Amino acid sequence: MASRELIDTPTWRALVAHQAKIKDAHLRQLFADDPKRAEKFTAEGAGIQLDYSKNRIDGETIQLLLRLAKERGVAARRDAMFRGEKTNKSENRAVLHVALRAPRDEVIEVDGHNVVPDVHAVLDRMSEFADKVRDGSWTGHTGKRIRNVINIGIGGSYLGPEMAYLALRPFSDRGMTFRFVSNVDGAAFSEATHGLDAAETLFVVSSKTFTTLETMTNAKTARAWVVEKLGAEEAVAKHFVADSTNTAGVETFGIDTSHMFEFWDWVGGRYSMDSAIGLSTMIAIGPENFRAMLAGFHAMDEHFCTAPPEKNLPMLMGLLTVWYNNFFDAQTLGIMPYAEHMSRFPAYLQQLQMESNGKHVDLSTNHVNYQTGPIIWGEPGTDGQHSFYQLIHQGTKIIPCDFIGFMTPLSSYADHHDLLMANLFAQAEALAFGKTAAEFKAEGSPDFQTPFRVTEGNRPTNLMLADRLDPKTLGSLIALYEHSVFTQGAVWDIDSFDQWGVELGKVLALRIIPELQDAAEPPLKHDSSTNAAIKRYRAYKARR
């Protein structure tokens, strides 16, 4: 069904009418009217419990959203993706990140070829290499043990490995140092290598094409750093490995291609952290924990494929995002993990959601006439409570939020965890129910102060709870959001797996680079603003 027909469908129109009827209903009243509301609007899967009762919905809302998903063919598109069909239409590619975590005996074909054995062959090679680094049998050029690993990548080749390492740091080898370089700003490389011994440092260069400007700029700088510090070109082979598909480029760089860990064009960058791109994560946490993470991914994949829609976590979360994005005109979605180790999870989800669903044409190339992906942002609790929560509680914008918590602490300070979880539960409660003028007056609040203190409530949240933040749970959480994003894209009839908008800036940057570096200062043919900025930079550079 073409996108421009979407807002004219009976179900869409029914949702518009339903929103007009329910938009002023307050969560206080909805809970008062239905003592079993929390039970009714809770679902579980792959070790995660989703309580979505504090949303501005009722039973009719969910039924209409599920009807919309059925009409838009969400399940059919899901099944096509899992079968290996070319669901990335603009690039004519299969989308099979789900194959990266499939068990060995599963069959998933691309163009008639079962890719699962290929996936496990790479995983086995990664595991063998990771074990060698971890046990010290892999040594650097001078014979010293590797104690530092620096991942060089950008986008999914950086955000995924860094996020996962930080999230699973309690499971990592604490005797090793792991750092991540993405930004082409030279300061990023300087900081990453500061204080490290090149003889003990391994670089993992993560780039599918081995041509990405930022990654290869940093990789070449790292290569020069190693050669300078260790005094030998031969050192490159012992201090660099690659996650790539470009054998010739890797070999030219000086990396032994036996230490190139490949992946495939059916793996999108923002869906690649469980592929060879996760090598630095595997070295940090060990192959066994990495495979546990893959098992968590797969458990959520299975849940997405088999759970009925009304109990299907990714489908429900995706449809609720559509509900607020398209029917309440909410512009953003807040991600609030109450776990210090999840500090980079919101940033990871920014790319996953905004690069996937930041699209303005549908699969038939029609310009869409409705909002697509929301803006994703967030910080770990309780830090955010003393930063931006004021706007969520008393501001004029509707900001749906996902709250994520873990029952079991990973530190020995159990009393801290009680305080953390109390804040998590309290914020979700406060956002839902607020506090009225009458309640403040009953407490003796001064009349002049009461209007400033009133919190209206009725602010929507999802509450996700899991036993503890471990590799398996992290895998399940990531897959939950992957499939939520997929659900949204299927409803909007867009390609969630290309990113052509990212390419334009790259092309223009390649045009501008020689204009900054050529001493002859070639003539400029940009707009007046860009020309002025380039001239100003040239002048500063000349004085420098």
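**Close-up views of a predicted model**

G334 stands opposite C401 of strand β12. The structure is a predicted model, in which local features need pLDDT of at least 70 and side-chain atom pairs count only at pLDDT 80 or more, while totals for chains, interfaces and linings use all residues. Residues are numbered from 1 along each chain as its sequence is written, and side-chain values use heavy atoms, with hydrogens and water left out.

View 1. Strands and helices here are DSSP runs numbered from the N terminus (strands: E, at least two residues; helices: H or I, at least four). Strands β10 and β12 pair in the parallel sense over four bridges; two strands count as paired if DSSP finds at least two bridges between them. Helix α20 packs on the sheet and touches β2, β10, β12 and β13, a contact being heavy atoms within 4.5 Å. The direction of α20 makes about 165° with that of β12; angles run from 0 to 180 degrees between N-to-C directions, and axes are lines fitted to C-alpha atoms, for helices over the stretch in contact. Helix α17 (residues 414-433) lies across β12 and β13 and runs at about 155° to β12. C401 is buried, with a relative accessible area of 2%; buried means under 20% relative accessible area, exposed over 50% and partly exposed in between, for a 1.4 Å probe and protein chains only. The sheet is open, with mixed pairing and the strand order β1-β2-β13-β12-β10-β11. Its edge strands, β1 and β11, each pair on one side only. Neighbouring strands of this sheet are turned by 20° against each other on average, direction ignored.

View 2. Strand β1 (residues 42-45) runs antiparallel to strand β2 (residues 48-51), and four bridges join the two. T42 has D51 of β2 as its bridge partner. Two residues lie between the strands of this hairpin, where A46 takes a positive phi near 55°. Four bridges also join β2 to strand β13 (residues 461-466), again in the antiparallel sense. In this pairing, I48 stands opposite A466 of β13.

View 3. Strands of a sheet pair through backbone hydrogen bonds, either parallel or antiparallel. This open sheet has parallel pairing and the order β6-β5-β7-β8-β9. The edge strands are β6 (177-181) and β9 (260-261), each of which pairs on one side only. Five bridges join β5 (residues 148-152) to β6, and R179 of β6 is the bridge partner of I150. Helix α8 (residues 186-193) lies across β5, β6 and β7 (201-206), at about 175° to β6. Helix α9 (residues 213-230) lies across β5, β6, β7 and β8 (240-243), at about 160° to β7.

**View 4. The surroundings of H239.** H239 lies in helix α10 (residues 236-239) and is buried, with a relative accessible area of 0%. A polar atom of the H239 side chain lies 3.3 Å from the backbone oxygen of A198. Such a polar contact is a pair of N or O atoms within 3.5 Å; within protein, one must be able to donate a hydrogen and the other to accept it, and residues adjacent in sequence count only if both atoms are side-chain atoms. Not counting residues up to four places away in sequence, H239 touches several residues, including H141, E200, F203 and V226.

**View 5. Helix α4 and its cap.** Helix α4 (residues 59-71) has 13 residues and reaches 18 Å from its first C-alpha to its last, close to the 18 Å expected at 1.5 Å a residue; the expected span is 1.5 Å times one less than the number of residues. At the N-terminal end, D58 caps α4 through a side-chain oxygen 3.0 Å from the backbone nitrogen of E60. Among the buried residues of α4 are I62, L65 and L68. Their cover includes α1 (10-22), α5 (74-83), α14 (313-327) and α20 (471-492).

**View 6. Helix α15 within its surroundings.** Ten of the 13 residues of α15 are buried, so this helix is largely enclosed by the rest of the structure. F345, Y348 and L352 are among these buried residues. The buried residues of α15 pack against α7 (156-167), α14, β10 (332-337), β11 (375-377), β12 (401-406) and α20.
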